[in-house]
Each structure stands twice: as C-alpha cells, then as structure tokens.
Amino acid sequence: LFGGGTDWTELIENKKAQIVDVRSPGEYRSGHLKNSVNIPLDQLKTKAGKLDKQRPVIVCCASGVRSRMGKSSLNAMGFDAHNGGAWTSLKKWTS
C-alpha cells in the first residue's frame with residue numbers, strides 16, 4: 001500500500017479528505033479521480049488558499065514524484081497532507 005500504511009478509507013470517507021491532483025491541466029483532463037481538484041505543482045503555493053486547512057489533503061500525480069513534493073509543500077504551509085502517489089492507485093478508494 002502506497003503511503004506507508006495510510007488508511008485511505010479513513011481519510012477519504014471519515015475525515016472527508018480533499019484530493020489534490022498536482023499534474024498539468026492536460027494530464028488531468030486525460031483522466032482523474034472523482035471529486036479531485038487540479039492544482040498543478042508549480043501553482044500549489046499560490047492556490048493552496050482554496051483548500052480547507054481543517055480537512056486532510058491527499059496529493060496525487062502520475063507516479064508519486066510530484067505528489068511527494070506537493071505533500072511537503074502543503075505540510076510546510078500547515079496542512080495535514082498525505083502522499084497518495086499515482087492517482088490511478090487511489091481509484092479503488094474514491095469510486
């Protein structure tokens with residue numbers, strides 16, 4: 001399980017986590033998770049204000065590299081952020 005044993009069901013269903021896809025808009029349009037928001041990694045610092053700091057954030061991308069960087073950025077801004085890795089690996093928890 002990606003994320004070091006993270007309980008995705010707990011985060012998504014019980015804690016109402018926000019899912020942020022940090023891929024480019026073009027990548028996002030080609031397929032994404034239901035209820036996710038697209039904030040490209042290079043815009044995360046300027047657009048993080050759109051997110052609710054009271055709810056956890058799960059960051060995803062294509063492979064897990066950009067989501068790891070996005071998680072670090074959000075954690076530094078005071079968010080409870082988690083690296084969800086590849087968006088496709090989170091599909092089973094969001095359908």
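**Entry 1: alanine 17**

I began at alanine 17, which is buried because its relative accessible area is 11%, below the 20% cut-off. I note here that the model is a predicted one. Alanine 17 sits in the loop between α1 (8-14) and β1. What does alanine 17 touch, leaving aside its neighbours within four places in sequence? I found contacts with Leu11, Ile12, Arg55, Pro56 and Ile58. I then looked at arginine 55 against alanine 17. They are 38 residues apart in sequence, yet their C-alpha atoms are 5.7 Å apart in space.

**Entry 2: the sheet**

I traced the strands next. Four of them form an open sheet in the order β2-β1-β3-β4, with parallel pairing. The edges are β2 (36-38) and β4; each has a single partner strand, so one side of each has no neighbour in the sheet. On average, neighbouring strands of this sheet are turned by 30° against each other, direction ignored.

I checked the pairings of β3. With β1 the pairing is parallel, over four bridges. Glutamine 18 has valine 57 in β3 as its bridge partner. On to β4: five bridges join β3 to β4, and these two strands run parallel. Valine 59 has asparagine 83 in β4 as its bridge partner. Cysteine 60 stands opposite glycine 85 in β4.

How many residues of β3 are buried? I counted five of its five. Side chains in a regular strand alternate between the two faces of the sheet. In β3, Val57, Val59 and Cys61 lie on one side, Ile58 and Cys60 on the other, and all are buried.

**Entry 3: helix α4**

I moved to α4 (residues 65-76). It has twelve residues and reaches 17 Å from its first C-alpha to its last, close to the expected 16 Å. Which residues of α4 are buried? They are Ser67, Gly70, Ser73 and Leu74. These four share one side of α4, because they cover an arc of only 120° around the axis. The general rule is that an α-helix has 3.6 residues a turn, so residues three or four places apart point the same way. I looked for what covers the buried residues of α4, and found α3 (44-47), β3 (57-61) and β4 (81-86) among the elements that do. Just after α4, glycine 78 takes a positive phi of about 95°.

**Entry 4: asparagine 83**

Back to β4, where asparagine 83 lies. Is asparagine 83 buried or exposed? It counts as buried because its relative accessibility is 13%. I looked up the polar partners of this side chain. One is the side chain of serine 67, at 2.5 Å. Another is the backbone nitrogen of glycine 85, which lies 2.8 Å from a polar atom of the asparagine 83 side chain. Serine 67 is one of the buried residues of α4.

**Entry 5: helix α5**

I ended with α5. In this helix Trp87, Leu90 and Thr94 are buried. They are on the same side of α5, because they cover an arc of only 60° around the axis. Cover for the buried residues of α5 includes α1, β1, β3 and β4.

**Entry 6: helices on the sheet**

I went back to the bridges: β3 and β4 are joined by five. α4 packs on the sheet, where it touches β3 and β4, and its direction makes about 150° with that of β3. α5 (residues 87-94) also packs on the sheet, touching β1 (18-21), β3 and β4. The direction of α5 makes about 110° with that of β4.

Terms used
Residues are numbered from 1 along each chain as its sequence is written. This is a predicted model: local features need pLDDT of at least 70, side-chain atom pairs count only at pLDDT 80 or more; totals for chains, interfaces and linings use all residues. Side-chain values use heavy atoms; hydrogens and water are left out. The expected span of a helix is 1.5 Å times one less than its number of residues. Buried means under 20% relative accessible area, exposed over 50%, partly exposed in between (1.4 Å probe, protein chains only). The arc is that of the directions from the helix axis to the C-beta atoms. Contact means heavy atoms within 4.5 Å. A polar contact is a pair of N or O atoms within 3.5 Å; within protein, one must be able to donate a hydrogen and the other to accept it, and residues adjacent in sequence count only if both atoms are side-chain atoms. Two strands pair if DSSP finds at least two bridges between them. Axes are lines fitted to C-alpha atoms, for helices over the stretch in contact, and angles run from 0 to 180 degrees between N-to-C directions.
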